[in-house]
Amino acid sequence: MRTPLIAGNWKMNKTVAESVEWARACIAGLGDVSDREVLVCPPYTALATLAPLLEATPLALGAQDVFYAEKGAYTGAISPLMLKDLGCRYVIIGHSERRQHFGDNDAIVNKKIVAALGHGLKSILCVGESKPQRDGGEAETVVTAQVRAGLAGLDAAQMEKIVIAYEPIWAIGTGDTATAADAQAMHAAIRATLVGLFGDTVAAALRIQYGGSVKPDNVDELMAQLDIDGALVGGASLAVEDFLRIAHFV
Ligand code: PGA
């Protein structure tokens with residue numbers, strides 16, 4: 001069975017003080033979540049402060065991006081070694097906002113994944129189509145191509161540390177969620193692609209999250225779908241009560 005993964009992606013939000021307040025409230029409200037994994041991905045600036053607060057709690061720590069080199073002359077970049085050093089367990093890679101604003105393409109995404117895995121960080125590979133691509137009937141082709149390119153060169157053992165997040169771009173931050181049926185259809189297509197690439201066992205074990213306007217009032221229906229194994233939550237992760245309700249999906 002796949003353990004669901006509910007992850008909050010704060011994007012470029014929250015000061016360190018706000019992060020601490022949120023984390024304390026989240027830990028207090030989580031209770032027994034042994035049947036699911038819960039993760040928060042704050043900005044880099046809050047990682048070092050949150051790491052000791054989250055230690056030995058059910059809330060795991062992750063980062064929103066990583067660079068592919070270990071160290072060196074890369075002004076402004078953060079390496080997988082640095083994230084590991086801080087106690088991060090996960091890193092989001094290839095988010096559509098990185099692809100749109102920071103030039104992350106499939107080849108860069110693949111390099112980042114390989115680097116993150118090399119340091120024992122679990123990678124959440126984000127994929128998703130734009131509105132014109134969906135309207136043009138290309139959604140599945142685009143998304144499965146992103147999956148293939150992002151995972152190029154990986155072997156079955158490395159896939160144990162991969163999570164895929166399907167995030168249709170038109171659903172991110174818009175309040176316009178994919179229907180549960182449409183999301184399920186894409187998740188099934190992604191899983192079929194994984195069968196072709198890595199075989200049945202790997203494909204059956206890999207978690208595929210849905211992201212894009214996940215809210216307290218739609219999470220239960222999304223999570224009830226056969227191939228939806230978690231949520232990557234942006235806007236609704238900022239208010240801790242909303243995130244807790246999502247983490248406690250039924
Ligand atoms: P959203 O963002 O929940 O605000 O739509 C999701 C994401 O970008 O991960």
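Mentor: Let's start with a rule we'll need: rings of Phe, Tyr and Trp (for Trp, its six-membered ring) pair if their centres lie within 6.5 Å. Keep in mind, too, that this is a predicted model.

Trainee: Okay, how many aromatic pairs does that rule give here?

Mentor: The count comes to 5 aromatic pairs.

Trainee: How do I read one of them?

Mentor: In general, a pair of aromatic rings is described by the distance of the centres and the angle of the planes. Take Trp10 and Trp22: their ring centres are 4.8 Å apart and their planes stand at 80°, so this pair is edge-to-face, since planes over 60 degrees apart count that way.

Trainee: And where do Trp10 and Trp22 sit in the chain?

Mentor: Trp10 is in the loop between β1 (5-9) and α1, while Trp22 is in helix α1, 12 residues apart, and the pair links distant parts of the chain.

Trainee: Are they buried or exposed?

Mentor: Trp10 is buried, at a relative accessible area of 0%, and Trp22 is buried as well, at 3%. Together with Phe243 they form one aromatic cluster.

Trainee: What about Phe67 and Tyr74?

Mentor: Their centres are 4.8 Å apart with planes at 50°, so we call that pair tilted. Tyr74 counts as partly exposed, with 40% relative accessibility.

Trainee: Which charged residues lie over a ring face?

Mentor: Arg36 lies over the face of Phe249, at 4.1 Å from the ring centre.

Trainee: Let's turn to helices. How do I spot the buried side of one?

Mentor: An α-helix has 3.6 residues a turn, so residues three or four places apart point the same way. In helix α2 (residues 44-54), the buried residues are Ala46, Leu47, Leu50, Ala51 and Leu54. Looking down the axis of α2, you find them within an arc of 145°, so they line one face of the helix.

Trainee: What is on the face turned away from that buried side?

Mentor: There you'll find the exposed residues Thr45 and Pro52. The buried residues of α2, meanwhile, pack against α1, β2, β3 and α3 (80-86). Just after α2, Ala56 takes a positive phi of about 60°.

Trainee: And what do the strands build?

Mentor: A closed barrel of 8 strands, running from β1 through to β8 with parallel pairing. On average, neighbouring strands are turned by 25° against each other, direction ignored.

Trainee: Where does α1 lie?

Mentor: Helix α1 (residues 16-30) lies across β2 (37-41) and β3 (59-63), at about 140° to β3.

Key. Residues numbered from 1 in each chain as written. Predicted model: local features only at pLDDT ≥ 70, side-chain atom pairs only at ≥ 80, totals over all residues. Heavy atoms only, no water. Pairing = 2+ DSSP bridges. Helix = DSSP H or I, 4+ residues; strand = E, 2+ residues; numbered from the N terminus. Axes fitted to C-alpha atoms, helices over the stretch in contact; angles between N-to-C directions. Contact = heavy atoms within 4.5 Å. Phe/Tyr/Trp six-rings, centres within 6.5 Å; stacked < 30°, edge-to-face > 60°. Buried < 20%, exposed > 50% of the residue type's maximum accessible area, 1.4 Å probe, protein only. Lys NZ or Arg CZ within 6 Å of the ring centre and 35° of its normal. Arc of directions from axis to C-beta.
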